[in-house]
Amino acid sequence: MSKSHPVFQALSASSSSLLWLALGTAIPLQAHATDGYFSHGYGVKAQGAGGVGIALPQDTLSIAANPAGLAAIGNRLDIGATWFRPVRDAEIEGSTFPINGKYDGNDTKNFLIPEFGYSKQLSDTTTIGVALYGNGGMNTDYKNGFPLFNNTGSRVGVNFIQAFVTPTIAWKLSPTQSIGIGLNLAYQRFEAKGLQNFANSSFSSSPDHVTNKGADSSYGAGLHLGWQGKINDQVTLGAHYQTRTYMTRFDRYKGLFAEQGDFDIPANFGVGIAVKATPALTLAGDIQRIRYSEVDAVGASIANFFTAQLGTDNGAGFGWKDATVFKLGALYAYSEQLTLRAGYNHVNQPIPSSQTLFNTLAPAVVEDHVSLGATWKFANSSELSFSYTHAFENEIKGSGSIPAAFGGGDVNLKMYQDSLGVAYSWAL
């Protein structure tokens, strides 16, 4: 369906209303990145266990990992927020221009990411629910500029956020098998500053729509499908597929992103397993694949910069590869009141060494995460949950990443992250 089709435009308007109703309350959704620009886990409980969730639903935010998991949740309300702090830096070396050195992109580095979920069991076989969560995002803020992007030393950076409101329905096909489907109503916001060197007709098809145009919004929709099956009393399996989410264009930045400002959300899919090793100990693992390369704004190579203008159908992007994510988690029921969690998450980061120049704006290079979490259950069946995640510092050294016309040499990117989440839940 064309993005100019009336049905698509009506759906976009509908998703806009729902998203602003949810997002226009007290807590602003902010940008973050872990597995590329996807979150490493959805919901504070999952985050404390390495992000696992495809075969191990723990709360209503499991909708984001596998909508079939909603069938096991019952009547429930979850509210939470995560403080997120990425530290990202860039370095230029080997340039023939007098610009070699380190550049700090952390003038903005503290973000708050809210989460909300609700579920209602309609019958023994049917459950409905909705979740609000930040799927991903990116922020960089070079207060003192980055010389390859402008010649004035003015602030350089981007702020990109991505959020979903996902109404979902799940059915139990049998006591051991469930399926689910969610409608992903998506919202994105983007702003770029300090890219004046590319805001001319030599580099862009629309020079007035490259940088410093304020925040622009985008809306769209896609589907999320899932299955979950209990093989025996110890083993549960799960699988999910999320379609590409087709978004309206960033019109204010149609001279920057390929395909006149198009920035869809890539399809992703995965499988998971949960094993009840003992009555108290549950082990879980997920494998997920994210198809970043299929969205040209993200996946098109910087080499396209020399064959087509920015903003055209063949314009340059960030050059990201598809990413594979591995998640491992453990839950230990220490007592009837206290559950402890731990986990590990690894992503094959998507940025090739030849593509580091543009990714100064989006240095999503972390690969390894460890996490801890806990939940305390109160007498009234409400719960208080915590999680902590650390993404270890990782550096990608550029290899031929700065073209000779820009002085040659390379850009090296570095990042580490910390996050702390808290959520309160009620069994209704």
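Predicted model: local features only at pLDDT ≥ 70, side-chain atom pairs only at ≥ 80, totals over all residues.

Trainee: Which residues lie nearest the centre of the largest pocket?

Mentor: The largest pocket holds about 960 Å³ of space. Its lining is made up of 41 residues. Those nearest the centre are Leu-56, Pro-57, Ala-72, Lys-276 and Thr-282.

Trainee: How many charged residues does the lining of the largest pocket have?

Mentor: Several strands contribute at least two residues each to this lining, among them strand 5 (156-174), strand 6 (177-193) and strand 14 (368-377). By class, the lining of the largest pocket has 15 nonpolar and 16 polar residues. The charged residues number 10.

Trainee: How many nonpolar residues line the second largest cavity?

Mentor: The structure has 8 cavities of 30 Å³ or more. In the second largest cavity there is about 150 Å³ of space, and 14 residues line this cavity, with Leu-256, Leu-310, Phe-318, Phe-358 and Leu-361 closest to its centre. The lining includes 1 polar residue and no charged ones. The nonpolar count is 13.

Trainee: Is Ser-95 buried or exposed?

Mentor: Ser-95 sits in the loop between strand 1 (76-93) and strand 2 (101-104). Leaving out residues up to four places away in sequence, Ser-95 touches Asn-100, Phe-406, Gly-407, Gly-408 and Gly-409. A residue counts as buried under 20% relative accessible area. Ser-95 has 9% relative accessibility, so Ser-95 is buried.

Terms used
Residues numbered from 1 in each chain as written. Heavy atoms only, no water. 1 Å grid on protein atoms, 1.4 Å probe; cavity = no way out; pocket = protein on both sides within 12 Å on 5 of 7 lines; lining within 4 Å. Points joined across faces, edges and corners; volume = space filled by probe spheres on them. Helix = DSSP H or I, 4+ residues; strand = E, 2+ residues; numbered from the N terminus. Nonpolar A, V, L, I, M, F, W, Y, C, P; charged D, E, K, R; others polar. Buried < 20%, exposed > 50% of the residue type's maximum accessible area, 1.4 Å probe, protein only. Contact = heavy atoms within 4.5 Å.
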